[in-house]
Amino acid sequence: MVRDNLVSAHEGLSVADTEIVVIKTSGDRILDRHLMTAGGKGLFTKEIEDALLAEEIDCAVHSSKDMPTRLPGGLELSVFLSREDPRDAFVSHKFSHFLDLPHGAVVGTASLRRRAQALRLRPDLKIVTFRGNVQTRLRKLEEGEADATFLAQAGLNRLDMETVAAEKLTLEDFLPAPAQGAVTVEIRSNDQHMKDMLAPLHDPDTELAVVAERAFLAALDGSCRTPIAAHATRQGNSVMMQAMLLSMDGAIVFDADGSAPATLTDAHELGSTLGEKIRKQAGPQFFADLAALVEAEFQ
């Protein structure tokens, strides 16, 4: 998608002038355990960023929600493509709606956020770890490892698999992961040529939203070890944001919302402010208890 957009944006540039380098990261390879036991979000980016720093590639295409809040020195997120549908999709071969699941149904997900949100609404469900790409998770579903799973609607749309979703879940019930649905392009900070090449692909409204959501994540020191959700949108001259922190079982929820002027500085400040507000609401004991629960279950 990035390649095609680049070719469309620059007269004289053709597909033949570009090369897509496929880099299989540790996050792609490790499928037999939860990410948090193997190193966290950075597993989806380290090998790609190493290639970028070594000048083996000119830019790196990522799902924004997979990006750690701190980047290696010399790298930056220069471009955000127009955001796809940020919602979660409920996927099942047996049931049309999440709330149709029978008592004690098995739901597969590796996301602590989706787990907590599912249990908040349906504490009777059994959650099992599901890892892998879309096709892998659909195969596991087909083989009966679970009655249902959750996928990002954005990923299904980009793969022309929209109909795989039995139900598009509401933002009220399943507030998405920070930056879900937004593709970003990472480059070397000193590569002005690549910045200029990518500039026509950039969507400022998506950047506003992602900056706010990632600032919230950073304020909570968020990672795949924490059930965190956030969603921001531009509305006129303002950026509006909802944010949430949950306990592992979804029984405890801290949420906050707010708005700010639609500038990058104010969007960042909004995310940070909501993060600090929720951090104070939860208190240090909540985070200590959460860390202990995660370690006991997944180590």
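Two strands pair if DSSP finds at least two bridges between them, and strands (E, at least two residues) and helices (H or I, at least four) are DSSP runs numbered from the N terminus. The legends below describe a predicted model, in which local features need pLDDT of at least 70, side-chain atom pairs count only at pLDDT 80 or more, and totals for chains, interfaces and linings use all residues. Residues are numbered from 1 along each chain as its sequence is written, and side-chain values use heavy atoms, with hydrogens and water left out.

**View 1. The five-stranded sheet and its S4–S5 pair.** Strand S4 (residues 106–108) and S5 run parallel and are joined by three bridges. Look for Gly-108, which stands opposite Val-128 in S5. Both strands belong to an open sheet of five strands with mixed pairing, in the order S5-S4-S6-S3-S7. Its edge strands are S5 (126–128) and S7 (167–168), each pairing on one side only.

View 2. Helix H5 (residues 134–142) lies across S3 and S6, running at about 165° to S6.

View 3. Is Arg-115 buried or exposed? At 14% relative accessibility, Arg-115 counts as buried; the cut-offs are under 20% relative accessible area for buried, over 50% for exposed and in between for partly exposed (1.4 Å probe, protein chains only). Arg-115 sits in H4 (residues 112–121). Leaving aside residues up to four places away in sequence, Arg-115 touches Thr-109, Ile-127, Met-248, Glu-297 and Phe-298.

**View 4. Strand S1 beside strand S8.** S1 pairs with strand S8 (residues 183–188) in the antiparallel sense, over four bridges. Here Ala-60 stands opposite Glu-186 in S8. In S1 (residues 60–63), Ala-60 and His-62 make up the covered face, while Val-61 and Ser-63 are on the uncovered one. In a regular strand the side chains alternate between the two faces of the sheet.

**View 5. Helices H8 and H9 side by side.** The axes of H8 and H9 come within 7 Å and cross at roughly 30°. The two helices are therefore roughly parallel to each other, the cut-offs being under 35 degrees for roughly parallel, over 145 for roughly antiparallel, 65 to 115 for roughly perpendicular and oblique for the rest. Residues of H8 that meet H9 include Leu-208, Val-211 and Phe-216, and their partners in H9 include Leu-264, Leu-274 and Ile-278.

**View 6. The largest nonpolar core.** This core has 30 residues, and Phe-216, Met-241, Ala-243, Leu-245, Leu-274, Ile-278 and Phe-286 touch the most other members. A nonpolar core is a set of buried Ala, Val, Leu, Ile, Met, Phe, Trp, Tyr and Cys residues joined through side-chain atoms within 4.5 Å. Two or more residues each come from helix H8 (204–219), strands S9 (228–235), S10 (238–246) and S11 (253–261), and helix H9 (264–298). H9 gives the most, with 10 residues. A second, separate core of 13 residues includes Val-107, Ile-127, Phe-150 and Phe-174.

Methods: Contact means heavy atoms within 4.5 Å. Axes are lines fitted to C-alpha atoms, for helices over the stretch in contact, and angles run from 0 to 180 degrees between N-to-C directions.
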